[in-house]
Amino acid sequence: MRETGRTAYALGVSPIGLLGAHQFYLNRPEYGLLYFFTFGNFGIGWIVDWFPTSGSRKAR
């Protein structure tokens, strides 16, 4: 996992992840605003973000 991925993951699993901090960090303002106004898609999206998927990582 690259340094950017580690930082985004750390932001995502922290309580500020509910407000979309990790989405803003990854330069996805649309998702960041969605998380901000729905508190992490009512908590469900925030919990899903705890588990990285193979699609979220780029091939080396």
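Start with the transmembrane annotation: UniProt, in an unreviewed entry, places the feature "transmembrane region" at residues 7-26 and 32-51. UniProt positions follow the numbering used here, feature names are shortened, and annotations may be inferred rather than shown by experiment. This is a predicted model, in which local features need pLDDT of at least 70 and side-chain atom pairs count only at pLDDT 80 or more, while totals for chains, interfaces and linings use all residues. Residues are numbered from 1 along each chain as its sequence is written, and side-chain values use heavy atoms, with hydrogens and water left out.

Select residues 7-26. This span is 60% helix and 0% strand, with its end C-alpha atoms 10 Å apart. Helices (H or I, at least four residues) and strands (E, at least two) are DSSP runs, numbered from the N terminus.

Next, select Q23, in helix 2 (residues 21-25). Q23 has a relative accessible area of 6%, so Q23 is buried (under 20%; exposed is over 50%, partly exposed in between; 1.4 Å probe, protein chains only). Show its contacts (heavy atoms within 4.5 Å): leaving out residues up to four places away in sequence, Q23 touches R28, Y31, G32, Y35 and D49.

Now select residues 32-51. Here the chain is 80% helix and 0% strand, and the end C-alpha atoms lie 18 Å apart.

Finish at T38, in helix 3 (residues 29-42). T38 counts as buried because its relative accessibility is 16%.
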